[in-house]
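Dear colleague,

I am handing over the structure below, followed by some notes on what was found in it. Please read them alongside the coordinates.

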Amino acid sequence: MCCESKRRFLLLYATQKGQAKAIAEEIWQQAGAHGLEADMHCLSEMDKYNLEKEKDPVVIVISTTGTGDPPDTARKFVKKIQDKTLPPDHFAHLQYGLLGLGDSEYMFFCNGGRTVDRRLQELGAQHFYDTGLADDCVGLELVVDPWIDGLWLALKEALQLQKEKEGMKNAVNAVSSSLSTAQQAVHELKLSSEVQNLKLEDEGARNSDILSQKLDDINLVAPSRDTEPSLVHSVPPVSQSALNIPTLPPEYIEVEFQDTQGENPHLSSLISEGTTFEVPVTKAVQLTREDAIKTALLLELDIADTAFEYQPGDAFCVICPNNVREVEKLLHILGLSEKGDVFVSVKVKQGTKKKGASRPQHIPERSTLKFILTWCLEIRAIPKKAFLRALVECTSDVGEKRRLQELCSRQGASDYTRFIRDSNVCLLDLLHAFPSCKPSLSLLIEHLPKLQARSYSVSSSNLYQPGRLCFVFNVVEFPASPSRPVSQKGVCTGWLAELVAPLLHPSKNSQDAKGESSSTEKISIFPRPNNAFHLPADPSVPFIMVGPGTGIAPFIGFLQHRQKLREQHTDWEFGETWLFFGCRHQDRDYLFKQLQRFLENGTLTHLKVCFSRDSSTAEVAPPKYVQDVLRLCAKEVARVLLKERGYFYVCGDKKHMADGVSDAVVDILSMEMEADKLEAMKILAMLREAKRYLQDVWS
């Protein structure tokens, strides 16, 4: 190994979108200042480390993806440690600390980290430092920063104990006593993912070895007259504090402009998830009225000439570009408007201090500058503190420089949350707010994450519509804010809406002799199968579907599929089907009024609808939300779930709907079983475990 044994620790990470890797790199960078060296590897690089023989402390940073799965880079490792033949003392020699990343908007919060943590414990491994669970819903840094601060003391304690143990093999009792003392010290550092339990005390900042800005620097900045803080202004105490700011990340990317011409890479080369398919959009329908609050579109894709396969309930991903106008603005601010179509070469900077530096996989070695900014980088991403720290060095105005330092500092944590994270500020917003900031192209490539493909639920059945794939989405709108004077549409939904505008509003020029639209716009997609959110294997089993708004999308596929099965297999027994649908207004955004047809032909047994914004003159006001309608059908819901062992599907917004639905189900179970709420919650947990209560939700 590359590091000296006495002060070495093993640092492992597993990442899906790059966050866990970035945090691991931050730990690696800080280690030197504490007299330690981190031997850092991705969990997938199993040939470069060996936990079976590891003697030094191990630090693991791991994210969660999908519906609670470990990231792709951890799958082989997880499969290996889940081998049931391993003895319970397999890792009895191992000391480790684990930091899990997740999002509490989703049901299986931090499940990637929890899975690894639980299995290591089962195999005898011991914590030298308590597990941290960071929540991206409220800000990873609220747990990550104090967890890293406490890590150094815990590591030094663990290494000291290891040294004593090696030198005193015959003094078991003495070692045991030392271990107990160390564990008690570490216990005091225990972190909770619940933000209300976190206390970021000034003392922690004072004890930090992170780079501190001297108070002398503050006098260079004229105090702001604003009494309220904003993105560009601070007020006491932040404006008068000495700042603890992150270590400057080392530069590692070099970009060279080239005179030669050529072709940009194919979009499929940007995707590591599997085969991509370029397919035409054959149909576009606006499902909502023009005066509806949200615009919902249905698109139909022609997959007949491809090997693309799906089941109702599956999802798929659309490869989308950044907004062309935002790319042009960014090029203008960077002073590169004339070079957008010039080819550039991207490579690792010679002599970089970044460990294991490599060109990001999502960045082509050679392409045009515009291609990189359009298809490769998430220019709308909320900048991390490490990015803000790097931008400080690109800012010439003293006041702007100071404010960027505050926003990435420990003292400015609440300002970062309020004015960056919660305001969804992106790079363009920052460059407008801090006009003297002129970052290099290489800095953007180093810090902006990969432009992610967007996932959508399939809203069709290949049995019902062979060779066709449909999906439904709302065109996302982000309103104007103090940091962004104009509203924005979602990256993918806004692009799709523009792309299919000729299909929605065909002009005479775009129609052929028959009056049909001749548009042949194509999009690139790839499958994202869902392992659980499918129809019951036994068609006689009843099921309940809850899908307000565009959450109804997968259930249209369910019902189409069920209708075709009923036509093809008249001798089969089919269970009853329930659909609970809700929207704001019956006449504006009732997305699929043809649901009545499924009801009439017997495919759908029960249809329950509600309209939250429609006024009513009835003496008893009708229910507004799907969870209210569920409660009115309590006996039937309990019968389907408990007596008939049916399935329950929920699709849609998590925070404002899915959580309310699960609360309603708990109340129903409690009432119908005449049991307390805790017992009802246990029943719901068992239904989830049995894959009979299934969710496809988003935040």
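The side chains of Glu 378 and Arg 454 are joined by a polar contact of 2.8 Å (a pair of N or O atoms within 3.5 Å, where within protein one must be able to donate a hydrogen and the other to accept it, and residues adjacent in sequence count only if both atoms are side-chain atoms). This is a predicted model, in which local features need pLDDT of at least 70 and side-chain atom pairs count only at pLDDT 80 or more, while totals for chains, interfaces and linings use all residues. Residues are numbered from 1 along each chain as its sequence is written, and side-chain values use heavy atoms, with hydrogens and water left out.

Glu 378 lies in the loop between helix H9 (369-376) and helix H10 (385-392), helices being DSSP runs of H or I with at least four residues and strands runs of E with at least two, numbered from the N terminus. Glu 378 is buried, at a relative accessible area of 10% (buried means under 20%, with a 1.4 Å probe and protein chains only). Leaving aside residues up to four places away in sequence, its contacts (heavy atoms within 4.5 Å) include Leu 448, Pro 449 and Val 491.

Turning to strand S21 (residues 577-583), seven of its seven residues are buried, so the strand is largely enclosed by the rest of the structure. Strand S20 (residues 543-546) pairs with S21 in the parallel sense over four bridges, pairing requiring at least two DSSP bridges, and Phe 543 has Thr 577 as its bridge partner in S21. S21 is also joined to the parallel strand S22 (residues 606-611) by six bridges, with His 606 as the partner of Trp 578.

Best regards

Note on methods: Buried < 20%, exposed > 50% of the residue type's maximum accessible area, 1.4 Å probe, protein only.
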